[in-house]
Amino acid sequence: MIDEADKVAFQRRLNKVVGQCKGILRMIKSKSPCTDTLLQVSAAKNALHQLGQLLLDDYIAEAVQKAIAAADPACFSEQFNQGIRSFCQTNRDIALINEGTFEERIEKIIASCDVIGQAIAKNDASRTEVLALILQTKNNLHAFGQFLLETFVAKCVKTAIDRKTAGVFAKDFRSAIESFCRMRK
């Protein structure tokens, strides 16, 4: 169970992620530069990761308390490993959002954040389930950024071909890659 003070802190952080995702949606609708949008995707992904880390810390503290109460180190190891697996699964274990427009994809990510918020508020999911939801949403944000970058690169290549110059492409591409690489952290 997540105590009320933690629920408020977790919800506040999650609301920040939702706000960032809604900002990304506005940026897409207003056709903001790809690099600016990628930076926002990176910020949202990092904020979601930090939320997961806080939840994992809380989960580990509870596991330690249970192990102390049971006087059984194996109890901690089992619970600890389950939490780590939930938060650190590989991308191939996650169902990614791979269809739809930019707007549809980011709206699905916002909906995933709402599911996380409901699970935290109602305590109707275990911490490991919430950690898995956070990981899935974080990976979807990354996949969204990758889709955005791929689309941007395709447009840059077309522009370079139309203008018969690689200079503009190289500069724009380098800037987009730098923005995307910030997401890899």
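Rings of Phe, Tyr and Trp (its six-membered ring) pair if their centres lie within 6.5 Å; planes under 30 degrees apart count as stacked, over 60 as edge-to-face and the rest as tilted. The model is predicted: local features need pLDDT of at least 70, side-chain atom pairs count only at pLDDT 80 or more, and totals for chains, interfaces and linings use all residues. Residues are numbered from 1 along each chain as its sequence is written, and side-chain values use heavy atoms, with hydrogens and water left out.

**View 1. Ring pairs link Phe102, Phe144 and Phe147 into a cluster.** The count of aromatic pairs is two.

View 2. Helices are DSSP runs (H or I, at least four residues), numbered from the N terminus.

**View 3. Phenylalanine 102 and phenylalanine 147 form a tilted pair.** Ring centres lie 4.9 Å apart and the planes stand at 50°. Helix α4 supplies phenylalanine 102 and helix α5 phenylalanine 147, so the pair ties together parts 45 residues apart in sequence. Phenylalanine 102 has a relative accessible area of 17% and is buried. Phenylalanine 147, at 23%, is partly exposed.

**View 4. Arginine 105 lies over the face of phenylalanine 147.** The distance from the ring centre is 3.6 Å. A charge sits over a ring if NZ of Lys or CZ of Arg is within 6 Å of the ring centre and within 35 degrees of the ring normal.

Technical notes
Helices (H or I, at least four residues) and strands (E, at least two) are DSSP runs, numbered from the N terminus. Buried means under 20% relative accessible area, exposed over 50%, partly exposed in between (1.4 Å probe, protein chains only).
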